[in-house]
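Please look over the model below with attention to its fold, its nonpolar core and its charged pairs. The notes that follow take these topics in turn.

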Amino acid sequence: MTTAPTPLSTEQRTWLAAQLRAQLQALDRQVHEHQAGQTRVEYAAELLNQEEGARPQHDADREIALERADREQMTLGVISQALARIDDPAFGLCEDCEEPIAWGRLQLEPWALRCVACESAREGRTVHHKL
């Protein structure tokens, strides 16, 4: 006999929402600092227009900077989506198996959509649920 998943408590949801908002603000500041208020296109153009003499180094720096900007933008989106879902009764349940995501996992990654086992399986690692 299986029991119904226990939803997150109000206190847990409040704590997760506060963590998500804090991470969103910190990441917003970080993005702003990295791009000095420029759009991604302006930032890339500035990197391209730097000294010609060190072109290979600037190309590598540009690629790293743009990859970081892409990662930051993706993370901003993931955090924003989690904040939009925080009051959904299904928040904290694995999208794949519908079992509760471990509290420890949510504390580390409040935006997690899957339990460790399902995320591992999705990434190609073999981890099975306990029976």
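A residue counts as buried when its relative accessible area is under 20%, as exposed when that area is over 50%, and as partly exposed in between, using a 1.4 Å probe and protein chains only. This is a predicted model, in which local features need pLDDT of at least 70 and side-chain atom pairs count only at pLDDT 80 or more, while totals for chains, interfaces and linings use all residues. Residues are numbered from 1 along each chain as its sequence is written, and side-chain values use heavy atoms, with hydrogens and water left out.

**Overall fold**

- The protein has five helices and zero strands, where helices (H or I, at least four residues) and strands (E, at least two) are DSSP runs numbered from the N terminus.
- Of its 131 residues, 28% count as buried, and the accessible surface, computed by the Shrake-Rupley method with a 1.4 Å probe, comes to about 9000 Å², with 54% of it belonging to carbon and sulfur atoms.

**Nonpolar core**

- A nonpolar core is a set of buried Ala, Val, Leu, Ile, Met, Phe, Trp, Tyr and Cys residues joined through side-chain atoms within 4.5 Å; the largest one here holds 20 residues, and Leu16, Leu20, Ile79, Leu83, Ile86, Phe91 and Leu106 touch the most other members.
- Helix 1 (10-35), helix 3 (55-85) and helix 5 (116-122) each supply at least two residues of this core, the largest share, six residues, coming from helix 1.
- Leu83, which lies in helix 3, is in contact (heavy atoms within 4.5 Å) with Ala17, Leu20, Arg21 and Leu24, leaving aside its neighbours within four places in sequence.
- Ile79 touches Leu20, Gln23, Leu24, Leu27 and Trp111, not counting residues up to four places away in sequence.

**Salt bridges**

- With a salt bridge taken as a side-chain nitrogen of Lys or Arg within 4 Å of a carboxyl oxygen of Asp or Glu, the count comes to four.
- Arg114 pairs with Asp96, their closest N and O atoms being 3.1 Å apart; the pair links Arg114, in the loop between helix 4 (103-108) and helix 5, to Asp96, in the loop between helix 3 and helix 4, 18 residues apart.
- Arg114 counts as buried because its relative accessibility is 9%, whereas Asp96, at 44%, counts as partly exposed.
- Arg114 also forms a salt bridge with Glu119, with the closest N and O atoms 3.6 Å apart, and both of these residues are buried.
- Salt bridges that share partners join Glu95, Asp96, Arg114 and Glu119 into one network.
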